[in-house]
Structures are given as structure tokens and as C-alpha cells.
Amino acid sequence: MSKEKLVVIGNGMAGIKCVDEITKLAPEKFQITVIGNEPHPNYNRILLSKVLQGDSSIESIVINDWAWYDERGIHLFTGESVTQIHSEAQYVTTLSGIRIDYDYLIIATGSSAFIPPIAGVHKSGVISFRNIEDCQTMMKYAKKYKKAAVIGGGLLGLEAARGLLNLGMETDVIHNAPYLMNRQLDRKAAEMLRKELEEQGMRFWLSKETESITGLNRAKGIRFTNGSSLEADLIVISVGIRPNIELAKKSGIETNRAIVVDDYMRTSIPNVYAVGECAEHRGVAYGLVAPLYEQGKVLASIICGEESEPYKGSVPYAQLKVSGVEVFSVGNINKEEADTAIQLYDGIRGTYKKVTMIDGKVRGAILFGDTAEGTSLLGLVKRGASISELTAPSSAADSGGLDEAAANMPDRETVCACNAVNKSAIMCAVIEDGMQTTDQVRDCTKASSSCGGCRPMVAAIVQYALRHGKEALAATAPPVCGCTDVSHELLKASIADHSYSNKNEVKVALGWKSLSGCPTCTAAIQYYSELYHPEAAKQNFSNGTDESCSDLSVGVYPDKGAGIDAEFDSRLIGQELQSSCGSLSFPSPVRAAITSSLRNPAGVLVHDIGITGAPAGWELYAGGHSELPVKQGQLVGIAETDKDAVMLSVSCLQLYRERAEYGEPLWKWIEREGIVEIREMLFDGNYQLDLVDRAEASAITKKNEERLGESICSN
Ligand SMILES: Cc1cc2nc3c(=O)[nH]c(=O)nc-3n(C[C@H](O)[C@H](O)[C@H](O)COP(=O)(O)OP(=O)(O)OC[C@H]3O[C@@H](n4cnc5c(N)ncnc54)[C@H](O)[C@@H]3O)c2cc1C
């Protein structure tokens, strides 16, 4: 079968991250062509600041080298621009006249630096800071000239200025607002930042408007609107970005500030998508990597024909990459809209922390001098957490520093927002994959590989995991029961890793207080043994009474108003679910209910698993219960077909079997893990298939045992 043709315009961070996801989800589905107008493979643009500051080399910031494209059979055109999209006939043409047909097109053209209309701005010696060539130009100038000026006191301007200082240039920064990074900081934090950077050697010109660049052909300096001026041989303009949308615009695709996309990154033209800085979603065009990677994930699923949560927008955050200065900012810090929840200034340590709130919810934060808490504050802002969750007023630093913050951080909290890596993934890289250093964990998980702002926290988690090993995962968790101090997590891990031959061996190995145990721990050991070693467990662990077996009951609720087909389908789904999972044991009894109608789903939604017919397919809810206080299940996802509905339900149940603690009801497990995390796992196509396979394998083992049991009895 011939592959569908996928063409990507732009070889930058967002486009290639999306391609990477696509090749993981559906490696054989597309013939992929990427056209990028830079002469390099995909590199980490974020790290240009580090290259300029001398902390990284150009070679080391390549994310996907030439071999990466080859290995995936991707046709890559570098140094080539797409000049026209022919959306009716579905092909693109390039500057050198190449025609490339597509079935699907992704526009990922990013942004360019905004060059304001200042007289003389096109003279030689005036550059922006966007790509490798800009870095090289600055390095070249630094060898010949001494004086540099940066117009723009935002994040990138300051990073460029720090780089120029490192290159040995005298550096002035001109900013038109009264304080630095005025979009991300308040005046207090900005003043602390200015002082610190002045001590490093930067000079600032605040509230200054540039009128013109002086010099004949080559830049010689800057003249301000108030008549004053300064000398500079190199002028770096860093006053914002403009999405690259001309190509889309002239090809008839709807644009506003950027290319307008919906929640699935679709543009106004069929089969044409946009992702990254060139895309505008719900009125916002993002200029930071974390949101673009989130968009890329959604788009990859959609293009591969997978179910996907819609992209709902992101919470941007900023971390300054200037060595010796720690600055972090997230969310809404504008005092007109938000109230101050916490404001702490420590003049001795030179730290500042401010957290803002709107309607009792954490909405923004600024950290200066100590950004250890940045990761946890980002999590709170993302969740819109209640301000009662703030650990005021003892900051991480006050209460024992980063180590304590690392130890106290919830497992599911995102540590590296650029690459969506949580604490648990870092812990697993150390405990399960044997990584020993922060660099090894970075290579293995990608945590801290982009902006690097989370590196201190990643390092602290690595140290914590190395010190505490598996116990770290279980240290704070309560014991299984009074017979032991061992938690469920540790018991599970130990059973998974060892081939114990009976329950007593488990108890001896883990220091049980008494070998006889109690019904709770006995059943838990049997459950985990069946989960990890199903065949051995039945022979070695069972004592005749099937302590761990918590049944699945499936009810189909007829809807008199529904069509015969819908009724038939809901019965079929019920039968399939029963046949796939009916013989499996669960941490706690599971009640599932199915109805073909949405008109009166209340009864169905208060079950552990509730499946209801809906216009778009079957909606799967999980985590409801009818005990007081009654709890409605949360939407896990929508399945278009009956088969998909069964797959989704079976994978959800298998995930529950594998990740819940024995005795933990499904609703409690969902509250503990978080529905968003669970959805993410279930909508990873390969992972879903693996879960279904494992459920099937367990069911087969169980059925074989039952048959064996029956034949022994009848003999
Ligand atoms: C110095 C610097 C530091 C940064 N630091 C951070 C940071 O700390 N944290 C953070 O989150 N973000 C940071 N960013 C921003 C981040 O790098 C961008 O958000 C990200 O690179 C955007 O990815 P993109 O793929 O949308 O665009 P890009 O990476 O710009 O990729 C788009 C590519 O498409 C190419 N292209 C455009 N038009 C065409 C065409 N017609 N045909 C072919 N190719 C075309 C472009 O040349 C470019 O190579 C930084 C940016 C810079 C410049």
C-alpha cells in the first residue's frame, strides 16, 4: 500500500517535534518531506543564548542530526524556502522550483525577529538574535570591535547582552519601559535584576526611545528621541517576534496575528495544519517552546488518526538563562487583574518571591534569586490551584532548600515543562533504568535539555532518588496494614522484581512483623503476584480461597427511546467487556454500566465505569460511585466505534489494575493519579494497545487455570 504524503514547511523546533511524535505513533503511515530554509538539521534554538555565552557549542545544540532523518526515511530539504502552497491541487513549490505533492501539510514556519521602523536599521552592524548565523555574526564582531548595544530589555535582549559581555564587549541595553522584563516581572524584581546585571558589567538606558542608528554605511551608534546618544559598533535588536505568515496569507489561509487554527491545529483549508510560533490558537500566538510541544502532540495524534484531547491553550512561563541570575515568572503577574497572595523579600539573601491570585486561585508567580520553587509554582498555576495549597510563608529555601522541595514534590508534578517530564519519570530513570547523573537523566528523559531552567530541580530529584532508592517512592506512603511498615508501592516493586515462591518468602524478605499476616496483606500479596507473575502465582500463592479476586460486574441499562441498533450495540459492548475483563481480578470491585442514550445517564455516571451513547460515539466515564456523597465519573474520552469503546474501557481497566493499590477503589485511584495523566496514557496509541494485550494475556492465563481446575475436579 502506498504511503500518504506528509509535507512539513519549517525544520524548526515545533515542526520536528511534531514529526518525531508522528513517527513514534505511526512509523509506517507517511512518506514525510521536510523543507527548511536554514542550512542546518533541527537544532535547539533556545540554547543559542548558551552558545553565545560560551556554555554550549553549535554542534551540541543539534536535536535531530542528519542520521535521524535518514533512519526514518524523511526527505529533508535544507536551505530551501517554500514560496507557494497550492491548496486546491495539494502541492507546494519552492524557491528553486521544486514541486512537492502532499496529502497533509503542516505549516511550521515559526517567527522572525521584529525589526521596528527605526531610521538606519538596515545598516551593517545591526542584527537580530534568532538563528545560528546571528550568533556567528556576534562572535565575529566581538573579535574586531569593542562596543555593543542591545535594543530591548526583555528575556532575549538580556541573554544576548550577557553573551556579548562574555565575548568581551562593553554592552549597553536600551529599553523603552521604565523597568526590565516588564512583561514578566514587577518593578521590585526588575530592580533586583538590574542591580545584579549592572554588577556583572551591563549598562542600562531605561525609558529610552531609539530615534535612529547613526553612522554612514555601518552602524556607529544610537540616537534617542530626547537628543542623547551612545556609541556602538554592533547593535542587536531584540524587541519581539513576528510570526512568519506571509506564505499562508498569500495562499488563502486565514490569518490574524498568526495562522488561525482550531483546537486540533487545523487551518481554514482542509488537510492544512499549523503548529508552533506561526499558529494562533484562541487568539494567542505563543513564543515559548512548552506550548508548541503541547500543540505538536495534539497535531501528531490527529494526523495519525488517533483520538486526542483538544489543545486548550497553555500557561506560558519564563526562565532567564543568564548564569548567576535566577529569574522565573509564570502566569498573570499584572497587579490590575490579580491580587498579591504572597510577597517575600529577603534583602540579605537577595531573594524575592511573589505569588498572585484571582478569585482565590493561584494565577501567577515571580521568583528572583532562588527559583527552586519554580517548578511547583508552575504546577499550581497550571492547575489553577486554591491558594490554600501554597506553603506560605516558608519557601523551599527556608525549609532546607532544594532537597526538601524535591522530596516533597508530588510524583505527578511536571519538572521540565519544555519537554513535559514529571518527577516520577526522573525517579524511574534513576531507580529503574540505573541513571546516576543529571546528564544521564537528561539524555534518557529529555528533562532539562531545552531551556535548562529546571536543571537544579532535576539534579535534586536525581540525588534524592539515588539516596533513597525504591524506598523513596514509598517513604511517605502508609503501610499496607498493621503487620508491616512496607507500603503498597514497595510491596509491588519487590514482587515485580523477584520470583518469590510463596507468600512467606515475600514477608520474610520485606521484614513482616508476623508471618501469619492478616487477610488484608495476604490478599494484597496474592493480587500483586497474580499481576506480575500470573502463572507462578496461581500455583504458589493461592491457598484455595481466591482472596484477591474482586469481580467486575457489567450492567446494560436499556433506553426505551433508543433505536434498536443502539440498544443492540450497548449489549454487545457489555458482552465484550465482560468477556475481556470478567475473569480478571481488580484492586477493588468494579461496577460498569452501559446505556445507549445520553438522555438519562445519571445512573450510569455514578458507576466505576460508565459508557453512554453520544452523538460523536461512545463516551467513557470513570471514577463515579453511588455511595454518599455520590460522585459522578469523569470523562475519559470518546470512542467513535463499538470496538474503540471496548478497547478504551479495557485499557482503562488494565491501567487501574496495574497502577492502583490493592484495596483502592477506582474513583480514589483516579483522584490520586489525576484524570489528565490517565487520559494522556490511554491516548498514547501504542501504550493503549499494550494495555489491551496485557489484559488479554492475563484473561487467557486465568481462563486456562479455570479450565485446568474444572478438569482436575471432574477427574
Ligand atoms: C535566542 C533565543 C532564546 C530562546 N529561549 C527560549 C527559552 O528559554 N524558553 C523557551 O520556551 N523558548 C525560548 N525561545 C523561543 C523558542 O526558541 C521558539 O519558541 C521556538 O524555537 C519556536 O519554534 P518553531 O518551530 O515554531 O519556530 P522556529 O524554531 O523558528 O522554526 C521555524 C523554521 O521554519 C523556517 N521557515 C520559515 N519560513 C519558511 C519557508 N517558507 N520555507 C521553509 N522554511 C521556512 C524558519 O527559518 C525556521 O527554521 C528562544 C528563542 C531564541 C531565538
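**Aromatic rings and their surroundings**

Mentor: The structure holds ten aromatic pairs. Bear in mind that this is a predicted model. Start with Tyr527 and Tyr528. Their ring centres are 5.7 Å apart, and their planes meet at 65 degrees. Planes over 60 degrees apart count as edge-to-face, so this pair is edge-to-face. In general, two values describe such a pair: the distance of the centres and the angle of the planes.

Where do Tyr527 and Tyr528 sit, buried or exposed? Both are buried.

Take Tyr91. The charged end of Arg99 sits over its ring, 3.7 Å from the centre. Phe114 gives a second case. Arg242 lies over the face of Phe114, at 3.9 Å from the ring centre.

Now the backbone. Gln90 belongs to the loop between β4 (82–86) and β5 (91–94). Its phi is positive, about 60 degrees, although Gln90 is not a glycine. Lys446 is another non-glycine residue with a positive phi, near 80 degrees. The loop that holds Lys446 runs between α12 (438–445) and α13 (455–474). How exposed is Lys446? Its relative accessible area is 37%. Buried means under 20% and exposed means over 50%, so Lys446 counts as partly exposed.

Last, the sheet. Five strands make up an open sheet, with parallel pairing. The order is β3-β2-β1-β7-β19. Which strands stand at the edges? They are β3 (75–77) and β19 (272–274). Each has a single partner strand, so one side of each is left without a neighbour in the sheet. On average, neighbouring strands of this sheet are turned by 15 degrees against each other, direction ignored.

Look at one pairing within the sheet. Strand β1 (residues 4–9) and strand β2 (residues 30–35) run parallel, and six bridges join them. In this pairing, Val7 of β1 stands opposite Thr33 in β2. A helix covers this region too: α1 (residues 13–25) packs on the sheet. Helix α1 touches β1, β2 and β7 (104–107). The direction of α1 makes about 165 degrees with that of β2.

Notes
Residues numbered from 1 in each chain as written. Predicted model: local features only at pLDDT ≥ 70, side-chain atom pairs only at ≥ 80, totals over all residues. Heavy atoms only, no water. Pairing = 2+ DSSP bridges. Helix = DSSP H or I, 4+ residues; strand = E, 2+ residues; numbered from the N terminus. Axes fitted to C-alpha atoms, helices over the stretch in contact; angles between N-to-C directions. Contact = heavy atoms within 4.5 Å. Phe/Tyr/Trp six-rings, centres within 6.5 Å; stacked < 30°, edge-to-face > 60°. Buried < 20%, exposed > 50% of the residue type's maximum accessible area, 1.4 Å probe, protein only. Lys NZ or Arg CZ within 6 Å of the ring centre and 35° of its normal.
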